[in-house]
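Student: I would like a close look at one part of this model. Please take me through the helix packing and the sheet, step by step.

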Amino acid sequence: MGFFDFLTQEIAIDLGTANTLIIHNDKVVVDEPSIVAIDRMTGKVIAVGKQAMMMHGKTHENIKTIRPLKDGVIADFDAAEHMIRGMIRMINPARRLFQPSLKMVICIPSGITEVEKRAVRDSAEHAGAKEVYLIHEPMAAAIGIGIDVEEPMGNMIIDIGGGTSEIAVIALGGIVCDQSIRVAGDVFTNDIWDYMRRQHNIMIGERSAEQIKIQVGSALPELDNPPPDFAVHGRDLMTGIPKEITVSYQEISHALDKSISKIEEAILKALEMTPPELSADIYRTGIYLTGGGALLRGLDQRISRKTKLPVHVAEDPLRAVVRGTGIALKNIGRFKFLIP
């Protein structure tokens, strides 16, 4: 420990399309929705995270809410910088005489382009980072669920987040083959919104669609312990009057069917590309499911039926990626796959 170590703050960030999580001193200190509310007149940030989420879909013309990430990458550079800065401020709200310099490990989708990578790095540097390391999401997820990624052993990870679904086969500290598709939680939410409009003639907001997904979302039309039906409130498209309807998990499984099929196709494609020796390992170890999408009821069974392989859902799948990013932060010197 050097004298100036207290001037450096080490943080690991899972910069997600739906949620951003930050680990500092081995603890998850920030777990907030990835959204900012901005005053249109002054351009000032009014709220970040949960507070901004409460405003989402309820703003007047002087306030706009922005989700800076789309499909796992930064879509609004300025808002992303404000969001990262605001969330870093949540770690230690107390005012300091001087700001510590930041050392960050940030996770990125595996199918990201160089330009998108640059955007993540620049946003972090603008938010005050002196050193930035990047790690691919499937790799972080694998470390987070306790897999020794440097072993000569094949493991298949499926990380279904808000913007992207990452499917990767990992061995010897590297990604052997991967599929990154932009079908994930946000697309599921959109499918539910669309289904409500077409089937029930009711207009609902993004937050309501998200709520339906959490309460009665399902990947299978038949579940062993089904959730109770859920009451949805929205605007009747015929009369314009607010109304209530109830939806069942069977309906939602029907609405999500097409998108889940796309994820299944990508999984099969990744398995096709896998070298035979690693295929043999995957047959023994099975597939690991992480990310918020892993919480969708019956998704593990559906993937298992499709691939005829055992599917394990990670414990606390929402935090698997950030846990792995935190472990990578502590072992920056050891892990060769970190991108400096």
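Tutor: This is a predicted model. Start with a helix pair. Helix α5 covers residues 185-200, and helix α6 covers residues 206-216. Their axes come within 9 Å and cross at roughly 105°. That angle falls in the range from 65 to 115 degrees, so α5 and α6 count as roughly perpendicular to each other. On the α5 side, the contact is made by G185, F188, T189, I192, W193 and M196. On the α6 side, E206, A209, E210, I212 and K213 take part. Sorted by class, this contact has six nonpolar, two polar and three charged residues.

Now the sheet. Five strands form it, in the order β13-β12-β11-β17-β18. The sheet is open, and its pairing is mixed. At the edges stand β13 (174-181) and β18 (311-313). Each has a single partner strand, so one side of each is left without a neighbour in the sheet. From one strand to the next, the twist averages 20°.

Helix α4 (residues 137-144) packs on this sheet. It touches β11 (155-160), β12 (165-171), β13 and β17. The direction of α4 makes about 65° with that of β12.

Look closely at β17, residues 287-290. What does this strand pair with? β11 and β17 pair in the parallel sense over four bridges. Within that pairing, I158 stands opposite L289 in β17. Three bridges join β17 to β18, and these two strands also run parallel. Here I287 stands opposite V311 in β18. Y288, in turn, stands opposite H312 in β18.

The link between β17 and β18 passes through a helix. The chain leaves β17, runs through helix α9 (residues 299-307) and reaches β18. This β-α-β crossover is right-handed.

Next, the faces of β17. In a regular strand the side chains alternate between the two faces of the sheet. In β17, I287 and L289 lie on one side, with Y288 and T290 on the other. All four of these residues are buried, so both faces of the strand are covered, buried meaning under 20% relative accessible area.

The axes of α4 and α10 come within 6 Å and cross at roughly 85°. The two helices are therefore roughly perpendicular to each other. E137, A140, A141, I143 and G144 in α4 meet A320, V321, R323, G324, T325 and I327 in α10. By class, the contact has six nonpolar, three polar and two charged residues.

D316 lies in the loop between β18 and α10 (320-330). Its phi is near 50°, a positive value in a residue other than glycine. D316 has 39% relative accessibility and counts as partly exposed.

N25 has a positive phi too, near 55°, and is likewise not a glycine. Where does N25 sit? Its place is in the loop between β2 (19-24) and β3 (27-33). With a relative accessible area of 58%, N25 is exposed.

To recap the sheet region: α4 packs on the sheet, and α4 also meets α10. β17 has parallel pairing with β11 and with β18. β18 stands at an edge.

Terms used:
Residues are numbered from 1 along each chain as its sequence is written. This is a predicted model: local features need pLDDT of at least 70, side-chain atom pairs count only at pLDDT 80 or more; totals for chains, interfaces and linings use all residues. Side-chain values use heavy atoms; hydrogens and water are left out. Axes are lines fitted to C-alpha atoms, for helices over the stretch in contact, and angles run from 0 to 180 degrees between N-to-C directions. Angles under 35 degrees count as roughly parallel, over 145 as roughly antiparallel, 65 to 115 as roughly perpendicular and the rest as oblique. Contact means heavy atoms within 4.5 Å. Ala, Val, Leu, Ile, Met, Phe, Trp, Tyr, Cys and Pro count as nonpolar, Asp, Glu, Lys and Arg as charged, and the others, Gly among them, as polar. Two strands pair if DSSP finds at least two bridges between them. Buried means under 20% relative accessible area, exposed over 50%, partly exposed in between (1.4 Å probe, protein chains only). A crossover is right-handed if, with the strands pointing away from the viewer, the path from the first strand over the helix to the second runs clockwise.
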